[in-house]
Amino acid sequence: MQFPTNFICATDDFCDLEHPVPAPYIRKSFTLADSVRNAEIIICGLGFYKLYVNGVNITKGELAPYISNPDDVLYYDRYDIARLLTRGSNAIAVLLGNGMLNGFGGYVWDFDKALFRSSPKVALQANIKLSGGESVAVVSDESFRVSDSPIRYDDLRCGERYDANKEQPGWNIADFDDSAWNYARKAICPKGEKVLCTANPVVVAGEIKPVSVTKKEDHYLYDFGSNLAGFCRLRIKGAKNQKIEYIHGEYLEDGDLYVRNLQFIRPEYMHLPPYLQKIEYICKGDGLETYVPSFTYHGFRYVSVSGITEEQATPELLTYLVVHSDLRETGNFSCSDETLNKLQRMTRNSTLSNFVYYPTDCPHREKNGWTGDASLSAEHTLLNLNPEASYKEWLRNIRKAQNEAGALPGIVPTGGWGFDWGNGPAWDNVLINLPYFTYLYRNDKEILRENATAVFRYVHYLTTRMDENNLIAIGLGDWCSPDHPNHKAPLVLTDSITSMDICGKAAFLFAVLGMDLQKDFCQRTAERLRSAIRARLIDLSTMTAAGNCQTSQAMALYYGVFGPGEQQAAFQVLLDRIRECDNHIDTGILGARVIFHVLTAFGYSDLAYDMITVPTAPSYGEWVARGETSLPESFAGNPIRLDSGNHHFFGDISNWFIQSIAGIRLNPYRDNVNEVNIEPHFIEKLTETKAYHEAPAGRISVEWKREQGSVRLCVSVPDGMTGRIRLENTYSFANGHSGRILEAGAHEYPIGKRAIKKSAMARRI
C-alpha cells in the first residue's frame, strides 16, 4: 500500500495553556465528470482527526487514528467512500485536534518537550475510479483551504474550549464558499513506520443520565452514579455569549467536587486556575444547541457546572457518553455474593475505562500507557474481553520504544521519558506477558514471532543489569502497598524474581517457535537468577524470602523459587504473615497479583475469599463498602488523597474468580488451547457461581450451586475440547472419585463433601 506523506497544516503555531490556537478546518472541493465505480481514501490526521465526505462524518470512532509517538509509528486509516461521492461537485473536509502530537497537558512526562511536537497536520489521498474508466486522485497539498474552527483550544488531558459563535455552517459540504479561507501550508512528515491502524476503534459505548443534580452556592453538581470514562453531551437553550464551564472529577469532599487528586500544575502556571478535565462552551443563542467534545475525554463520576441558570440545570442538560475501545465481552463471572459481583463490575469498569487503543493507567490525570499496569491486567483482560488486536498494535509501539541497550520506558508512547524512572522488570515484563497470555488463550503464534527479537534483546539487557551476585534491582517495586510509597518486599527480590519469570516465559516462547539457541540462553539466564535468589535472598532454614512479608513469600511461591519439598514450610510462613494482619491484604500490586492464586493452590480459597471481601481496610471489600464503582489505585482507607479512583492493575481478582472459584482453566499445560480443566473451588460462604469464557473452539461455561448438603455442578464445553474435571480433595463425585474426563456438551454432576484432611501442598501454581 502507498501511504500519503504529503502533510499539510493550517499554521506552524501550536497551543499552550496561555496561548490558545484554534483547531483547524481543512477542506478541498473537486468535480467529478462521471459517476463513481469505486473510491477509497487513506488518511493520517495528527494528532486526531474527524473526516467528512460531502458533509458526512465517516470517522471510524473517537480520537482517530491512534495515540502514538509519530516518530515511532505513523497511523493511517482507510475508508471506502464510493457511496458518498457523486457526479459533479464534491468535498473532502477534515477537522484536526492536537492529540499526542501537541500534548502540552502532559508536561509531567515531557510530552511538551517531545521532538515530534507540532501543530496539527494531515496527509490524505482519495483514489477514485469513475464509471468510464478514468482515475482521479485528490491529494493533500497547498491547494487545500484552511480556517479556524469553533474549537478554540483542545488538549487530550486538559479539555476543550468551544465558541459556537465561530461556527461556519456547511463548512464540510461541496458548495461552501471557502474563498475567504487561507491556503494550507506544507508540513514535515514524521519519521515513524507507516501502518494501517488495526487496533479496535474507540467508540461511544453507552449513555448515562445523571442520578442527581444538586444546587451549590455558585454552580450545580451532577452525579452520574458510576466512575467511568468519556465525555458529556451538552444540550442547552442559552443566551448569546453565555459561557458554561464544567469540570469533571471522581470524588466529593464536603459534598462538593474534589479534583486535587487529578491536578498536575506546571510551576510557571500556578497563577492560572486549574485547567484539567474542563470544558468551556460559549453559546450562540439561537435555540437548542448541542455540543460534544471532539478531541478529549475524561475520567469522572461527577461534573461541576457553572454559568447556567436554575431553569437550565435540568437532568437533560448533560448526558454521559461512555467511551472506550470497542472490545467485545468474552467472559464473565457472577455469584451469590454481591460484594464479589460488584468487584467484577468494578474490574470491568476500570478495564474498559482504561482501554483507549491500549491499556492506560487512569482515564483522567495521566491517560498514559504504563507498561506495568497492562502487564498485571493482561490475563484477566483476555479472560473477559477481546483485546488481542489492540495488544498487537500497542506492542509495535513498545518495540519501537525499546532503546539500543534493550531497555524499555515505563510508559508507551513516550517522547523519551520513562527510562530513568518508572520502568524496570516488573513494568518491562509487558513485552513478554502480552504475547505470552495472548498465545495461551488465543493460540496466536504470530504475536510471538512479532515480538521474539525484542524479547531476546530484553533478556540480554537483563544480563547487563545484574550485580556481582547475579541479582537485579533497577526499577519500581511492589507499588501501591497499603503504606505507599513504602513497601516491605525488597526491590532486589521483586526485580530478581520478575526477571527470572521473564526469562522462563521467554524460553517457553522460543521453544514454541523452535528457536532453540534463544530458548537455551533464556533458560540458562532464568536458572542463573533462581540460583542467585535462593542463595542470597532465601533463608532456607526457615523457608523465608527476604522481606518476610506477604508479597515476598507469595511471589517466591508463585514463581517457583521454592522447590516441591520446601513449599509447605514456605507456605506456612505466608499464612503466618496473613494471620498477623488479621487476614487482611498487606501487599502492593505485585503481591496482589499472585497471593490469591497461591492460597488456592494450597487449598485455602476460603481464606483468599475472606481477604478479598473483608469490609475493613486494606481490602477490596472496603472499596465496595465505601461505594467505589471502579477499582482505586490504592488500598489506603481514605480515598481523598493523591490517588486515582479508576485504575485496573488490582483487577486480577476477576481472573481468580473465573479460574479458581468457577474453575475454568483454559490450556492448563500450555500446549493445547483446545484443552480445558474445570477445577472449581466451592467457597463455603457462596451458594452459587456462574462463569463463562469464549475459547477459540467456543463457549466454556460453569455453574455450581449448593443443594441440601451437596453441590450441583453444571459444565458445558464445545465439541472438540478435551480435559478433566478436578475437585478439591474434600469433595468427590458420586463414585467417590475427585476427577473425571470432561465430556463435550452440557452436563450436570452431583458432588458430595467428604471428610479428608486439607493438604498444605500446592496442586497448581
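These legends describe close-up views of strands and salt bridges in a predicted model. Residues are numbered from 1 along each chain as its sequence is written, and side-chain values use heavy atoms, with hydrogens and water left out. Local features need pLDDT of at least 70 and side-chain atom pairs count only at pLDDT 80 or more, whereas totals for chains, interfaces and linings use all residues.

View A. Strand 22 covers residues 278–282, strands (E, at least two residues) and helices (H or I, at least four) being DSSP runs numbered from the N terminus. Because 5 of its 5 residues are buried, strand 22 is largely enclosed by the rest of the structure; buried means under 20% relative accessible area, exposed over 50%, and partly exposed in between, with a 1.4 Å probe and protein chains only. Lys278, Glu280 and Ile282 point one way from the strand, while Ile279 and Tyr281 point the other way. In a regular strand the side chains alternate between the two faces of the sheet.

**View B. The pairing partners of strand 22.** Two strands pair if DSSP finds at least two bridges between them. Strand 12 (residues 159–163) pairs with strand 22 in the parallel sense over 5 bridges, and Tyr162 stands opposite Tyr281. Strand 19 (residues 243–249) pairs with strand 22 in the antiparallel sense, also over 5 bridges, with Lys278 as the bridge partner of Ile247.

**View C. Strand 8 and its antiparallel pairings.** In strand 8 (residues 121–130), 8 of the 10 residues are buried, so this strand is largely enclosed by the rest of the structure. Strand 3 (residues 36–46) runs antiparallel to strand 8 and is joined to it by 10 bridges, with Leu46 opposite Lys121. Strand 9 (residues 135–139) is joined to strand 8 by 5 bridges, again antiparallel, and the two form a hairpin with 4 residues between them, where Gly133 in the turn has a positive phi of about 100 degrees.

**View D. A salt bridge between Arg348 and Glu329.** The side chains of Arg348 and Glu329 meet in a salt bridge at 2.7 Å, N to O, a salt bridge being a side-chain nitrogen of Lys or Arg within 4 Å of a carboxyl oxygen of Asp or Glu. Arg348 lies in helix 1 (residues 338–353) and Glu329 in the loop between strand 25 (318–325) and strand 26 (331–335), so the pair ties together parts that are 19 residues apart in sequence. Arg348 counts as buried at 15% relative accessibility, whereas Glu329 is partly exposed, with a relative accessible area of 32%.
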